[in-house]
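Please find below a short note on the structure, arranged as numbered points.

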Amino acid sequence: MLKRALLLAALVAAPLTAQTHPADNVSAERLEKDVAKLVSFGTRHTLSSQTDPKRGIGAAVDWGLEEFRRIGAQCGGCLEVLPVGETVTGPRIPTPTLVRNAVAIQRGSERPNEVVIVQGHIDSRVTDVMDATSDAPGANDDGSGTALVIEAARVLSGTKYPTTIIYALLSGEEQGLHGGQILANWAEAQGFTVKAVLNNDIVGNSCGSDGYCEPKVVRVFSEGPRADLTDRLRAAQTRFGGENDTPSRNLSRWVAGLAEKHPDGLQVRQIWRTDRMGRGGDQVPFLQKGYPAIRFSVGVEDYDHQHQDLRTENGVFYGDTIDEMDFAYLAGVTKLNVRALDALARAPMPPKVTVDAAVRVDTEITVRPSPGSEAIDIVRRPTDEPRWPVRGPESFAALIPLVSDQEAVKLVMPERGDDWLFGAAACAIRDSDFYCSPVSSAVPGGAFEPVAKE
């Protein structure tokens, strides 16, 4: 135990060293080839053909499934590939229609029921959301996210992880987030513990229609108050805080901190709202079930080249075509996703944290470690500070090695609880490196789990 504690301390204090990482194997050329293949299906509208072998959503989903099978064959069958679908109707699906997702599961070796999901939607559209026949290339929206998920499977599938990674290509997004809802329902039915959902939607351009460019920034959207709040929990947050410390918000902070460790890569601009103004994405159905979920999207959108009929007006071309994309930028977003998936799949589940600070001059913190935890990192920040301190020898409130099967850690901190927010991350050593989960905040609704129904 002492040896393990010393190793933990050494790893925390050590500077980052150059190591080969799966993210280094991400290929902009492969990403471009995959987007070109997706565009070749003509339209991937959810209401397009399910049976044509070359055109329509059916052919596109079949290709995605086959690509996952090919990747799995190269790693000795490490991916379990299956369609996850339902027949649905809705305001934008007037007749019963099969909505299929292409899913690949890379089972964890220690905690297979604990999952991290990376996803993008494979369907496309033009100006009229009900137009299922016109060409809808959908190169950026969301061929970019689809290609990212496939590339992540390529570069991560050769590594064994304690936690399961699920790669998902979702249908029906443009018709009402149906694919995301189907996958969220399926994950719940499997009894999975969902650690994080990384939704990638429109991640392949770096300049907007007004000429403004953001080639070094990706936006990460995260909800404020939880979508699954009960009346009791909402009242508790109103009194004691927590509206800025949901699991999804802390997942966003964690991804931003991960990006900062690699200054040559894309950096994160956190957007503290669930999605863009007046719009939504496939992370929303997961949030509604209480699963931590965030959305990656470009730093600046090009509205002339999404949700548009292919046409030229007044000398301006409209349409979501491949020549409007920036594949070096897409490779950067893919690398960040791969780094996040790799670290999340190695780290334990965030712990459960509570505090007792009422009518006292100090704060007692209780942390219940998650399976696989070898240390608990307790952190703190002033209530008006937006982010947790950057990890380093002087940033820890306490780094506490755990003994085997330890059920809880209790610690009394000298700070008065009214003025501070506290949280904790669960940490473990993997392949001679140190991996910590996102912080779980000691606030009402701060735990990385769905809210218990009243």
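1. A nonpolar core is taken here as a set of buried Ala, Val, Leu, Ile, Met, Phe, Trp, Tyr and Cys residues joined through side-chain atoms within 4.5 Å. Buried means under 20% relative accessible area, with a 1.4 Å probe and protein chains only. The model is predicted: local features need pLDDT of at least 70, side-chain atom pairs count only at pLDDT 80 or more, and totals for chains, interfaces and linings use all residues. Residues are numbered from 1 along each chain as its sequence is written, and side-chain values use heavy atoms, with hydrogens and water left out.

2. The largest nonpolar core comprises 66 residues, and Phe68, Leu156, Tyr167 and Phe296 have the most contacts inside it. Helix α9 supplies the largest share of this core, 12 residues. Apart from it lies another core of 23 residues, including Val103, Ala168, Leu183 and Phe286.

3. Beyond its neighbours within four places in sequence, Leu156 is in contact (heavy atoms within 4.5 Å) with Pro22, Gln106, Tyr161, Ile165, Tyr167, Val338, Leu341 and Asp342.

4. Because 18 of its 20 residues are buried, α9 is largely enclosed by the rest of the structure. At its start, a side-chain oxygen of Asp326 comes within 3.2 Å of the backbone nitrogen of Ala328.

5. Helix α7 (residues 247–260) is mostly covered as well, with 12 of its 14 residues buried. Among them are Arg249, Arg253 and Trp254.

Terms used:
Buried < 20%, exposed > 50% of the residue type's maximum accessible area, 1.4 Å probe, protein only. Helix = DSSP H or I, 4+ residues; strand = E, 2+ residues; numbered from the N terminus. Polar contact = N/O pair within 3.5 Å; in protein donor to acceptor, adjacent residues only side chain to side chain. Expected span 1.5 Å × (residues − 1).
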